[in-house]
Amino acid sequence: MDGTALKKMLRDADNGGYAIPAFNYSDIWDFKAIVEAAEEEEAPIMIASNPLVVDEIGPDFCGAIGKVAMEKARIPLIHHLDHSFQVEMCKTCMDCGYPSVMIDASKYDLETNIRMVNEVMEYARPRKVHVEAEVGKIRGKGIEGDFKGGDFLVAVEDAVELVKRTGVDSLAVGIGSAHGFYQGKPQLNFKRLGEVNRAIDTPLVLHGGTGIPRADVRKAIRMGINKVNVGTIIHCTYMNSLRAELNRVGDNPYTLDVMKAIRGKIKEVVKMWIETCMANGKA
């Protein structure tokens with residue numbers, strides 16, 4: 001799999017009225033659960049490591065796991081680097097076999113954002129790697145970043161300028177979504193999403209999926225979102241299920257027995273999000 005495969009996946013999703021769900025993993029156990037769930041749902045997906053996971057496990061290990069998974073999966077599967085704030089990490093992950101990377105320079109001014117995206121794009125093009133950028137801000141506090149300000153909405157002119165000057169493959173847009181769990185009901189700005197979608201012909205990405213009502217996710221997809229990121233609910237389900245199982249079995253359990261017991265809980269959440277994105281049966 002390379003970036004050209006992802007371009008086709010996103011184009012098919014746009015034409016088919018669904019979105020590609022992108023799930024964040026923490027280690028091999030939730031990675032396997034995510035892939036198994038997608039195979040059972042016959043859904044094309046992306047599976048992503050954030051920079052903390054890359055730093056802890058290592059880009060070579062993550063890249064190797066991703067390579068094997070993409071070769072063996074019975075569905076279209078793309079391994080992705082999510083929310084890298086560093087150009088060098090993007091380059092390193094490309095060298096380690098990632099077919100898709102995100103350079104998130106949205107915290108900087110537009111010119112700096114464009115410069116960093118172009119640096120990643122120049123490295124990615126000859127390697128056929130897909131590049132995602134971000135304009136606007138994703139609110140909330142999480143592994144992927146911390147933004148609590150009020151000026152989060154993507155400016156249409158900024159999205160147009162960045163796409164024109166970089167040719168980036170996909171674009172995450174700030175429309176009111178947030179990382180982590182939401183405080184109150186999410187308020188997505190569908191009007192701004194529609195304006196951006198009409199202004200550029202680039203696949204759009206919704207970050208902060210956890211907690212957004214299904215109806216709102218599907219409305220966003222109808223209005224131009226082609227990829228939906230889901231992370232918080234995956235690792236929280238993983239950890240909460242693990243704690244419950246350890247409490248149930250008591251002292252000295254065997255690792256594999258515990259992990260097999262909780263895999264189904266993770267898969268339930270993954271399947272729910274695949275169906276929310278209407279990607280089931282689209283492999």
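Two exercises follow, each with a worked solution, on a predicted model.

**Exercise 1: strand E4**

Work out which strands pair with E4 and in what sense, then say whether its residues are buried or exposed.

*Solution*

Step 1. Begin with strand E3 (residues 77–84). E3 and E4 run parallel and are joined by three bridges. Serine 100 of E4 is the bridge partner of histidine 80.

Step 2. Turn to strand E5 (residues 130–135). E5 also pairs with E4 in the parallel sense, over three bridges. Here serine 100 has histidine 130 as its bridge partner.

Step 3. From E4 the chain crosses through helix H6 (residues 110–124) to E5, in a right-handed β-α-β crossover. E3, helix H5 (residues 87–95) and E4 also form a right-handed β-α-β unit.

Step 4. Check the faces. In a regular strand, side chains alternate between the two faces of the sheet. In E4 (residues 100–103), Ser100 and Met102 lie on one side, Val101 and Ile103 on the other. All four are buried, and both faces are covered.

**Exercise 2: helix H9**

Find which residues of H9 (residues 214–222) are buried and what they pack against.

*Solution*

Step 1. Apply the cut-off: buried means under 20% relative accessible area. Asp216, Val217, Ala220 and Ile221 are buried.

Step 2. Look down the axis of H9. The buried residues fall within an arc of 145°, so they line one face of the helix. Ala215 and Arg222, on the other side, are exposed.

Step 3. List the packing partners of the buried residues: helix H8 (190–199), strand E10 (204–206), strand E11 (225–230) and helix H11 (255–276).

Step 4. Glycine 224 follows H9, with a positive phi near 125°.

Technical notes: Residues numbered from 1 in each chain as written. Predicted model: local features only at pLDDT ≥ 70, side-chain atom pairs only at ≥ 80, totals over all residues. Heavy atoms only, no water. Buried < 20%, exposed > 50% of the residue type's maximum accessible area, 1.4 Å probe, protein only. Helix = DSSP H or I, 4+ residues; strand = E, 2+ residues; numbered from the N terminus. Pairing = 2+ DSSP bridges. Right-handed = clockwise from strand over helix to strand, strands pointing away. Arc of directions from axis to C-beta. Contact = heavy atoms within 4.5 Å.
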